[in-house]
Amino acid sequence: MTILNRFSKILCLWLVVAAAKADISLPTLITDNMVLQQKTDVALWGWARPGETVKVKASWLRSSVKTEADQQGNWLVRIPTGKAGGPYKLTFSGDNSIEVNNVLLGEVWLCSGQSNMHFPVAKGKSSWETGVTNADEAIPKANYPGIRMFTVERKVAETPQKNVKGAWIECSPQTVGDFSAVAYFFARDVYEKTGFPIGLINSSWGGTPAESWTQREVLESYSSFLPILRRYEQGLTTYEKDYAAYKEQVAIYQKERAENPKLTRSAPREPIGVNSNKSPYKLYNAMIHPLAPYTLKGVIWYQGESNADRAYQYRRLFPMMIDNWRTVWNQPLLPFYFVQIAPHRSQNPEIRESQLVTMQTVSNTGMAVTTDWGDSLDIHPRNKEVVGERLARWALAKQYGQKKLPYSGPIYRSMKTEGNKIRLQFDHVDKGLVAKDGTLREFTIAGADSVFVPAQATIDGKQIVVWSNQVAKPVAVRFAWRYVPDPNLFNGAGLPASPFRTDQWRLITEGKN
């Protein structure tokens, strides 16, 4: 027998043995320092030899749970969790054994979106990662070992993936600088008011549109979303030519910026290639699909900037994405709280309206308004503490029993014409309506000609009366309806009113738009 033949037989024998014995393996979400959702049945899963018996023992339970891997080697169990606490240990046994230590039971929130969700507490490597305004004060105080964050490695994928890269990191002054700032401040407020451990799964990527986070089958199922896929596929056919032109435009832009540092023109937009993070459905495949079915309490979301130029489409796309995630997690009423886009020279009022429509028409959603903390020249406002705090109000009021806590600013409800004036009614007028820093600003009014002119506005109890001497017979009012508004309408709880327009809202609520 030649050495080559002997080696071939040994290799074949090794492959047979390897096929007969395969170690249990776990997704990276199920590892040391993890947080599991309390008081429910949580999903734990992984891979093993087809038919292999897998035993899962949780140190908070008296007995273990068993299952068998299917023909593809997949296995999943659901185990009950008790009230918040820990640390605990999980043991997974089969042909091998794995221990997962320092496990807490608490509240698990998925934190997703684009750069404003990714934006870190401390200054980062990218030029836009400038850190939060109060970083020097917040970081030394961030001693919260009960708050843990799992940051998903940014990746695109053509097909749905089984796993992600990342690790659970305990919150401390040494680690919090890399945390998503919005997610951290959200968790800090919930933790301080409930005492529950908080697990944050940060799956976000700057410059990404909602279709990138949406399952391909969902985009294909609705005719209004098919142009997204067609545009992407057509762009791939001309990508090389488009990319070469883009490089030339970048060179021109950089020269102009060097000559004029205050240049306001936007940088050229890179064409979308096969590996672009702006590709439809690919972030869902790589960064959302592998996370399910990890049991969640809810989702916080900060995105929309990259869909502003298609704001009308977003009012359908965004709700469909929410429904998509709820379906994937088999949690039809999964709480979904999001941030309304702050004022910026690139963000039109229609994108904020689309987000308002979503909150008003999709159950178990909530919106944090940020019109008082925008920056006309910086699309990444640095005061992320106020954003996290406003998202936390929704969760505390809706999920954690603080029913008396105001969680929303004034939201337009209806209007009534009274001669040459219009009277507006609002929801969420906790402790009344307030004009901060002087008389009310940012109201416009129009007659049947739809020519909107600046209007006077005054608070009358829990309502607002709007008029202009230029409009004898008004039919519509708009509030903060421009790219960079400076409104000052709040409720008594200090929460700002959302921008709105009455002329579109009537059509929306009647289902005609």
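Helices (H or I, at least four residues) and strands (E, at least two) are DSSP runs, numbered from the N terminus. With that numbering, Ser 212 is placed in the loop between strand 10 (198-204) and helix 5 (216-221). This is a predicted model, in which local features need pLDDT of at least 70 and side-chain atom pairs count only at pLDDT 80 or more, while totals for chains, interfaces and linings use all residues. Residues are numbered from 1 along each chain as its sequence is written, and side-chain values use heavy atoms, with hydrogens and water left out.

**Confidence**

- The average pLDDT, the predictor's confidence in each residue from 0 to 100, is 93 for the protein, and 94% of the residues score at least 70.
- Over residues 10-20 pLDDT stays under 50, and the model has three contacts (heavy atoms within 4.5 Å) beyond four places in sequence for that stretch.
- Residues 506-513 also have pLDDT under 50, with 10 contacts beyond four places in sequence.
- Where pLDDT is low, the predicted coordinates should not be read in detail.

- Setting aside residues up to four places away in sequence, Ser 212 touches Asn 277, Lys 278, Ser 279, Pro 280, Tyr 281, Lys 282, Leu 283 and Tyr 284.
- A polar atom of the Ser 212 side chain lies 3.2 Å from the backbone oxygen of Lys 278; a polar contact is a pair of N or O atoms within 3.5 Å, and within protein one must be able to donate a hydrogen and the other to accept it, with residues adjacent in sequence counting only if both atoms are side-chain atoms.
- Ser 276 is found in the loop between helix 7 (239-259) and helix 8 (282-288), and it counts as buried because its relative accessibility is 14%.
- The backbone nitrogen of Lys 278 is reached by the side chain of Ser 276 at 3.0 Å.

- Four strands form an open sheet in the order 14-15-20-19, with antiparallel pairing; two strands pair if DSSP finds at least two bridges between them.
- Strand 14 (411-418) and strand 19 stand at the edges with a single partner strand each, so one side of each has no neighbour in the sheet.
- Strand 14 and strand 15 run antiparallel and are joined by seven bridges, and Glu 418 stands opposite Lys 421 in strand 15.
- Strand 15 (residues 421-427) pairs with strand 20 in the antiparallel sense over five bridges, with Ile 464 in strand 20 as the bridge partner of Leu 424.
- Strand 19 (residues 456-460) likewise pairs with strand 20 in the antiparallel sense over five bridges, and Ala 457 stands opposite Val 466 in strand 20.
- Strands 19 and 20 form a hairpin with two residues between them, and Gly 461 in the turn has a positive phi of about 70°.
- Strand 20 (residues 463-467) is largely enclosed by the rest of the structure, because four of its five residues are buried.

**Nonpolar core**

- The largest nonpolar core has 138 residues, of which Leu 90, Ile 201, Trp 325 and Phe 443 touch the most other members; such a core is a set of buried Ala, Val, Leu, Ile, Met, Phe, Trp, Tyr and Cys residues joined through side-chain atoms within 4.5 Å.
- Beyond its neighbours within four places in sequence, Leu 90 is in contact with residues including Met 34, Trp 60, Ile 98 and Val 103.

Terms used:
Buried means under 20% relative accessible area, exposed over 50%, partly exposed in between (1.4 Å probe, protein chains only).
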